[in-house]
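Here are a few friendly notes to read with the model open beside you. Take the points one by one and find each residue as you go.

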Amino acid sequence: MSSPELPSVPPANLLPEVADVRVADGERLRSVELPGVTLSVRSRPPAREGLPPALYVHGLGGSSLNWSALMPLLHDVVDSEAVDLPGFGNSPPPDDGDYSVTAHARAVIRYVESSGRGPVHLFGNSLGGAVTTRVAAVRPDLVRTLTLVSPALPELRVQRTAVPTGLLALPGIALLFTRLTREWTAEQRVRGVLKLCYGDPARVSPEGFRNAVLEMERRLRLPYFWDAMARSARGLVNAYTLGGQQGLWRQAERVLAPTLLVYGGRDQLVGFRMAQRSARAFRDSRLLTLPDAGHVAMMEYPETVALAFRELLMQATDSADEGDTGQPGARRAPGPPATGGGSTADDKRG
């Protein structure tokens with residue numbers, strides 16, 4: 001079904017040739033064909049065989065590249081793979097044009113099942129946080145632990161700086177935006193994205209900035225780029241309106257896996273105030289607050305996020321050794337989020 005505001009996208013086998021996404025040193029990129037979708041999967045060899053598998057899921061407008069700074073920091077404790085959601089990174093659009101949170105979650109589930117790697121240590125950022133929350137809720141057998149970096153869970157009072165992204169979900173807005181920004185260079189677009197997503201854009205190295213510009217130029221040549229963005233934004237907004245057992249907060253409460261929650265104090269897309277609500281919703285959670293981070297803490301402060309995950313992994317391993325079933329028990333209220341320039345992990349277990 002074609003989008004009402006964007007021209008229809010040709011089938012994947014008829015799309016023009018566009019350069020593949022960048023592959024960092026030590027990484028490998030491959031395509032995996034699944035029912036209804038073809039996914040691009042980025043991987044990095046683990047330090048040794050037999051390590052537990054991990055799978056990373058990016059946010060709206062991102063790709064598996066968003067995890068390239070974190071994956072090498074965990075290569076000695078997990079066997080890492082990062083997926084490009086359908087229509088993003090190096091993955092072509094889904095056959096049915098469905099970019100809902102449920103469809104993205106279904107693609108992740110299909111990949112984990114087909115790879116035979118589950119259960120996995122599952123990571124999600126932003127939109128990927130909503131997707132992985134749904135995966136962990138409906139398929140607990142596939143998830144060992146859950147790490148959420150600024151997860152896009154419903155907020156009653158959306159930040160003003162997040163409104164333009166949400167407007168992409170409205171019919172006609174994506175086409176209007178492409179017309180208004182037709183003369184913008186890839187460099188101008190990247191600077192805008194960094195200003196929105198980073199707590200301090202100056203943390204991006206000159207090489208990182210050049211790579212981001214090249215990636216933006218590549219994406220803008222894809223005929224389905226804005227369609228994937230608009231439909232995924234609409235899918236996220238639609239997920240916010242669901243009630244009952246399909247509501248994302250209700251599903252967060254159903255997650256059994258030990259969960260690490262990471263929130264940035266300078267996040268302009270997901271409110272920092274949501275950190276405490278998330279810590280209460282996920283029954284077995286640790287809260288890491290980074291007052292100077294923005295929306296992509298795993299890119300800004302990968303060492304800190306890696307350390308927090310190692311602590312989560314140790315906790316999960318200890319619980320498994322003790323025979324903890326992960327079933328809800330008595331719950332303690334989480335401590336307050338960190339303030340100032342440092343970072344803390346508050347432990348709250350069910």
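1. Let's begin with a term: a charge sits over a ring if NZ of Lys or CZ of Arg is within 6 Å of the ring centre and within 35 degrees of the ring normal. With that in hand, look for R203, which lies over the face of Y301 at 4.1 Å from the ring centre. R277 is placed over the face of W249, at 4.2 Å from the ring centre. Keep in mind that this is a predicted model.

2. Now step back to the whole chain. Its secondary structure comes to eleven helices and nine strands. Of its 350 residues, 54% count as buried. The chain exposes about 15400 Å², and carbon and sulfur atoms supply 54% of that area. Take the contacts between residues at least 6 apart in sequence: 75% of them join residues at least 24 apart.

3. Next, find strand β6, residues 143-149. Why is β6 described as largely enclosed by the rest of the structure? Six of its seven residues are buried, so the rest of the structure largely encloses it. The cut-off behind this is that buried means under 20% relative accessible area.

4. Which strands pair with β6? Strand β5 (residues 120-125) runs parallel to β6 and is joined to it by six bridges; here G124 stands opposite L148. Strand β7 (residues 259-264) also runs parallel to β6, with four bridges between them, and T147 has L260 in β7 as its bridge partner. Helix α2 (residues 127-138) belongs in this picture too: β5, α2 and β6 make a right-handed β-α-β unit.

5. Stay with β5 and turn to the aromatic rings. The whole structure holds five aromatic pairs. One of them is W67 with F123, an edge-to-face pair with 6.1 Å from centre to centre and 70° between the planes. This pair links distant parts of the chain, since W67 is in the loop between β3 (53-57) and β4 (79-84), while F123 is in strand β5, 56 residues apart. W67 counts as buried because its relative accessibility is 0%, and F123 is buried with a relative accessible area of 0%.

6. F123 also pairs with F309, and this pair is tilted: 4.9 Å centre to centre, with 45° between the planes. F309 belongs to helix α11 (residues 302-321), and 186 residues separate it from F123 in strand β5. Both F123 and F309 are buried. To finish, trace the cluster that ring pairs make of Y56, W67, F123 and F309.

Note on methods. Residues numbered from 1 in each chain as written. Predicted model: local features only at pLDDT ≥ 70, side-chain atom pairs only at ≥ 80, totals over all residues. Heavy atoms only, no water. Buried < 20%, exposed > 50% of the residue type's maximum accessible area, 1.4 Å probe, protein only. Helix = DSSP H or I, 4+ residues; strand = E, 2+ residues; numbered from the N terminus. Pairing = 2+ DSSP bridges. Right-handed = clockwise from strand over helix to strand, strands pointing away. Contact = heavy atoms within 4.5 Å. Areas by Shrake-Rupley, 256 points an atom, 1.4 Å probe, with all protein chains shown as cover. Phe/Tyr/Trp six-rings, centres within 6.5 Å; stacked < 30°, edge-to-face > 60°.
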